[in-house]
Amino acid sequence: MTVSAFSTVLPIDRQLLPDRQPLRDPDLSQSAVRPSPAAIVASLHARTGKTLLARVLADYFTLSGRPPLVFDTDVTEQTLRASFPYDTVVVDIGEIRDQMTLFDTLARRAPEARVVDVSHHAFRKFFKVMAESQFAAEARAHNVEPIIFYITDRNPDAYEEARLLRQRFDDCALVLVDNAFLGRVKEQTRRAAGYQALQEHDLRMALPRLDPGLADALDDPSLSLSAIVSQPLSRSETGQRVPGDLPFEERAALRAFLMTVFRDVHRLTREIETRAPALSSAEAAL
């Protein structure tokens with residue numbers, strides 16, 4: 001069953017979200033523009049830095065000229081929506097109508113990037129619907145490149161789930177994300193079959209460790225990460241608005257953190273674009 005086959009509702013239109021205009025005509029041919037990335041950020045467990053990564057990805061795409069459509073699947077806390085109140089749609093993955101709206105919008109031909117924060121509560125349901133709707137093939141047919149950013153943690157089941165995701169979605173790029181803030185992987189985990197099976201997996205990135213004080217600063221949804229990166233870093237900022245009113249040293253540390261992650265994301269998205277034709281050929285052969 002494809003995404004379009006089970007849809008009875010219209011996908012979300014960027015015009016419903018204020019102050020953002022499409023960068024290009026969405027009816028342009030696939031060959032005329034680079035694929036639009038659809039970043040799916042997930043983790044089996046809570047408190048792994050998943051929403052932080054989704055937030056960083058949204059700011060990366062904004063700064064790179066592709067202001068994204070953002071989806072928050074945590075209908076209770078809506079943490080990602082707090083950071084992007086005008087650009088985020090909250091979806092309840094347990095509701096059929098929300099499922100259809102989400103996956104139709106993700107697969108629709110349009111120049112914007114897309115970022116989905118998959119709550120650990122919605123994890124299994126989200127990927128069940130994604131598989132049943134044949135989302136990856138549908139998205140790629142509309143010049144959208146799906147990428148799963150999966151954050152591992154210290155536990156064996158997190159790696160086993162990553163192994164199953166790679167097997168289940170072999171037509172979709174899977175990026176394994178190591179969050180240094182979570183600490184070293186347990187020795188028990190290193191011996192587990194899932195961990196061992198992923199040792200040769202080459203699409204990887206890291207979230208560098210942050211000082212706990214800086215991690216607390218990132219909990220403020222009003223702190224603009226794109227402003228931290230884009231505004232000049234200077235000790236002499238008299239009369240200039242300072243992002244988050246953070247001290248110079250903290251802004252410098254956050255900027256270094258963000259630039260490291262942005263470089264990783266840039267490297268990975270470009271690498272995945274070069275692999276997309278091979279993935280499309282594999283889908284066609286099925």
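Q: Which helices each supply at least two residues of the lining of the largest pocket?
A: Helix 1 (50-63), helix 2 (79-83) and helix 9 (212-217) do. Keep in mind that this is a predicted model.

Q: And which element gives the largest share of that lining?
A: Helix 1, with four residues.

Q: What's the volume of the largest pocket?
A: About 960 Å³. The lining counts 32 residues, and the closest to the pocket centre are Arg47, Gly49, Thr51, Leu52 and Asp219.

Q: How does the lining of the largest pocket split by class?
A: There are 12 nonpolar residues, 11 polar ones and nine charged ones.

Q: OK, how much space is in the second largest pocket?
A: About 320 Å³. The second largest pocket is lined by 20 residues, and Arg34, Pro35, Pro37, Arg66 and Glu273 are the closest to its centre.

Q: Which elements give two or more residues there?
A: Strand 1 (36-42), helix 1, strand 5 and helix 11 (248-285). The largest share, five residues, is from helix 11.

Q: And by class?
A: For the second largest pocket, nine nonpolar, five polar and six charged.

Q: What span should helix 1 have?
A: Its 14 residues should span 20 Å at 1.5 Å a residue, and the end C-alpha atoms are 20 Å apart, so the two agree.

Q: What comes just after helix 1?
A: Gly65, which takes a positive phi of about 95°.

Q: Switching to helix 6. How many residues has it got?
A: Helix 6 runs over residues 156-168, which is 13 residues. The distance from its first C-alpha to its last is 18 Å, close to the 18 Å expected at 1.5 Å a residue.

Q: Which residues are buried in helix 6?
A: Ala158, Tyr159, Glu161, Ala162 and Leu165. They take up an arc of only 155° around the axis, so they sit on the same side of helix 6.

Q: Why would residues three or four places apart point the same way?
A: Because an α-helix has 3.6 residues a turn.

Q: What covers the buried residues of helix 6?
A: The cover includes helix 4 (123-132), strand 5 (144-152), strand 6 (173-179), helix 7 (187-191) and helix 8 (193-197).

Q: What is Glu161 in contact with, leaving aside neighbours within four places in sequence?
A: Leu44, Phe123, Arg124 and Tyr150.

Q: Zooming out, how many helices and strands are there in the protein?
A: There are 11 helices and seven strands.

Q: What percentage of the residues count as buried overall?
A: 49% of the 286 residues.

Q: Last one. Of the contacts between residues at least 6 apart in sequence, what percentage join residues at least 24 apart?
A: That would be 78%.

Conventions:
Residues are numbered from 1 along each chain as its sequence is written. This is a predicted model: local features need pLDDT of at least 70, side-chain atom pairs count only at pLDDT 80 or more; totals for chains, interfaces and linings use all residues. Side-chain values use heavy atoms; hydrogens and water are left out. The expected span of a helix is 1.5 Å times one less than its number of residues. Buried means under 20% relative accessible area, exposed over 50%, partly exposed in between (1.4 Å probe, protein chains only). The arc is that of the directions from the helix axis to the C-beta atoms. Contact means heavy atoms within 4.5 Å. On a 1 Å grid over the protein atoms alone, a cavity is a set of points where a 1.4 Å probe fits but cannot get out, and a pocket is an open set with protein on both sides within 12 Å along at least five of seven lines; lining residues have an atom within 4 Å of a point. Grid points are joined across faces, edges and corners, and a volume is the space filled by probe spheres set on the points. Ala, Val, Leu, Ile, Met, Phe, Trp, Tyr, Cys and Pro count as nonpolar, Asp, Glu, Lys and Arg as charged, and the others, Gly among them, as polar.
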